[in-house]
Amino acid sequence: GCKMVYTVDGTEPATNSTAYEAPITLPLTGIVKAACVMPNGQLGIVAPKTFAGLPPTGWKVLATDSQETEGENNSATNAIDGNSSTFWHTRWNQDLQLPHFLAIDMGASHRIRGFTYLPRQDGNLNGTPDNYRFETSEDGANWTTNIASGRFANIRNNPSLQVVKFAPVNARYF
């Protein structure tokens, strides 16, 4: 029942900031901050949300070597659905050979300079990767394999959003 106000440039909202009345156009990266204007005219608690990178609109899973589809759906499409309560999981009792892979088609070529990874958020560490290797392609057939590789430091004790940056490259697939 309160008027909601927001900013999309990372600044603190004020009572006279833009009012939320309909879906808004979000920046590709940045911080959206929103707050409720209370009946007495004071601003309520500010809630920030960080958006990093390209939105996965129109993205498709090109290939994966394993996905769990029995029971709870943990298919590879969950890795790019933008929903922090879903996740991709390899098959439980098969495909134990590492490493596993997931290839994504972004639908068009983009200039990218990093990626983000959010581990599963349900408190279960099963399936959380420790290491990563990021590869890119313009055509889905020829891959550049030395884009980025490393280890997610302390991810099992701190399952928060991981941000990996690298030199900018053009890619349609990763």
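The model is predicted. The protein holds nine strands and zero helices. From the N terminus, its elements therefore read β-β-β-β-β-β-β-β-β. Along the principal axes, the C-alpha atoms occupy a box of roughly 60 × 35 × 30 Å. Of the 174 residues, 26% are buried. Among contacts with a separation of 6 or more, 55% join residues 24 or more positions apart.

The accessible surface amounts to about 11300 Å². Carbon and sulfur atoms contribute 51% of that surface. The protein carries 13 positive and 15 negative charges.

Four strands form an open sheet in the order β2-β1-β3-β4. Pairing in this sheet is antiparallel. Strands β2 (18-19) and β4 (47-51) stand at its edges. Each has a single partner strand, so one side of each lacks a neighbour in the sheet. For β4, the pairing with β3 (residues 30-37) runs over five bridges in the antiparallel sense. Within β4, K49 is the bridge partner of V32.

S66 sits in the loop between β5 (60-64) and β6 (102-117). The relative accessible area of S66 is 2%, so this residue counts as buried, the cut-off being under 20%. A polar atom of the S66 side chain lies 2.9 Å from the backbone nitrogen of R91. This distance is within the 3.5 Å limit for a polar contact.

How values were computed:
Residues are numbered from 1 along each chain as its sequence is written. This is a predicted model: local features need pLDDT of at least 70, side-chain atom pairs count only at pLDDT 80 or more; totals for chains, interfaces and linings use all residues. Side-chain values use heavy atoms; hydrogens and water are left out. Helices (H or I, at least four residues) and strands (E, at least two) are DSSP runs, numbered from the N terminus. Buried means under 20% relative accessible area, exposed over 50%, partly exposed in between (1.4 Å probe, protein chains only). A polar contact is a pair of N or O atoms within 3.5 Å; within protein, one must be able to donate a hydrogen and the other to accept it, and residues adjacent in sequence count only if both atoms are side-chain atoms. Two strands pair if DSSP finds at least two bridges between them. Contact means heavy atoms within 4.5 Å. Accessible areas come from the Shrake-Rupley method with a 1.4 Å probe; for residues, only the protein chains shown count as cover. Lys and Arg count as positive and Asp and Glu as negative; His and the chain ends are not counted. The place of a charge is taken as NZ of Lys, CZ of Arg, CG of Asp or CD of Glu.
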